[in-house]
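Welcome, and thanks for taking a look at this one with me. Below are some notes to read beside the picture, point by point.

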Amino acid sequence: MSLPHLPLSTMLLRSLPNLITAARLALVPFVVWGIAREAWGTAFLLFAVAGLSDGIDGVLARRYGLASRLGAILDPLADKALMLAVLVSLTLAGLVPPWFPAVLVARDALIVVGAALARRAGRPLETPPLAIGKFNTAGQIAFLAWLLGSRALGIAAVGAEAVVMPVLAGLSVASAVAQGLAAWRGGAATGR
């Protein structure tokens, strides 16, 4: 198999969204380091850069037709790696109770296991992401950014955190149920 004979600049442009996503994935250990060292300003700044890069790579991929199969895999992987690493780090730092990341991880694990079982049964799930799932992810990202940013600025609002975490956990469960129902209906509608 030979590589296409395209100018280097064209190849780089076509790969730009994936390169940005890879850079976001590479930021994960540095965000974790910032949290572990209680360098909240650094952790927040790097988390914010990662969040901006998520928006930029998505816009580039959609607007300029640069979406790729690799990007479709790498982008959610980078998002989940960042979220999981930050959640676990904040839990180990004592800022987030262990039940919170457990609920969020259980939701994702349930979706992955459901998809694997459906594929094994010959009913691959082809459900697009739902609005509730996107809202759920946006809420989690905003909460983590707020948590890191408030620490960076020396603001403590423990009461707000105690309210937001159960709301986000409930939203996570609701989005898993909605995704499961959509997948079930989609499989039934196609006769699989």
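1. With which residue does R24 form a salt bridge, and how far apart are the closest N and O atoms? The partner is D57, and the closest N and O atoms are 2.7 Å apart. A salt bridge here is a side-chain nitrogen of Lys or Arg within 4 Å of a carboxyl oxygen of Asp or Glu. R24 lies in helix α1 (residues 8-36) and D57 in helix α2 (residues 40-63), so this pair ties together parts that are 33 residues apart in sequence.

2. Before going further, a word on the model and its numbering. This is a predicted model, in which local features need pLDDT of at least 70 and side-chain atom pairs count only at pLDDT 80 or more, while totals for chains, interfaces and linings use all residues. Residues are numbered from 1 along each chain as its sequence is written, and side-chain values use heavy atoms, with hydrogens and water left out. Helices (H or I, at least four residues) and strands (E, at least two) are DSSP runs numbered from the N terminus.

3. R24 is buried, with a relative accessible area of 1%, and D57 counts as buried at 3%. D79 is buried as well, at 19%, whereas D75 is partly exposed at 21%. Together with D54, the residues R24, D57, D75 and D79 are linked in a network of salt bridges. Across the structure, the count comes to seven salt bridges.

4. Now for the aromatic rings. The structure holds three aromatic pairs. Rings of Phe, Tyr and Trp (its six-membered ring) pair if their centres lie within 6.5 Å; planes under 30 degrees apart count as stacked, over 60 as edge-to-face and the rest as tilted. The rings of F100 and F143 have their centres 5.7 Å apart and their planes at 75 degrees, so this pair is edge-to-face. It links distant parts of the chain, as F100 is in helix α4 (residues 99-120) and F143 in helix α5 (residues 131-153), 43 residues apart.

5. Are F100 and F143 buried or exposed? F100 is buried, with a relative accessible area of 1%, and F143 is buried at 4%. Both belong to one aromatic cluster, formed by W99, F100, F143 and W146.

6. Helix α5 also holds N136, a residue worth a look. The side chain of N136 makes a polar contact with the side chain of S175, at 3.5 Å. A polar contact is a pair of N or O atoms within 3.5 Å; within protein, one must be able to donate a hydrogen and the other to accept it, and residues adjacent in sequence count only if both atoms are side-chain atoms. S175 has its place in helix α6 (residues 158-189). N136 is buried, with a relative accessible area of 1%, and S175 counts as buried at 1%.

7. What surrounds these two residues? Leaving out residues up to four places away in sequence, N136 touches R107, L168, L171, S172 and S175. With that exclusion, S175 touches R107, I132, G133 and N136. Contact means heavy atoms within 4.5 Å.

8. Last, the loop between α2 and α3 is where S68 lies. S68 counts as partly exposed, at 28% relative accessibility. The C-alpha atoms of S68 and N18 are separated by 8.2 Å, although these residues are 50 residues apart along the chain.

Conventions. Buried means under 20% relative accessible area, exposed over 50%, partly exposed in between (1.4 Å probe, protein chains only).
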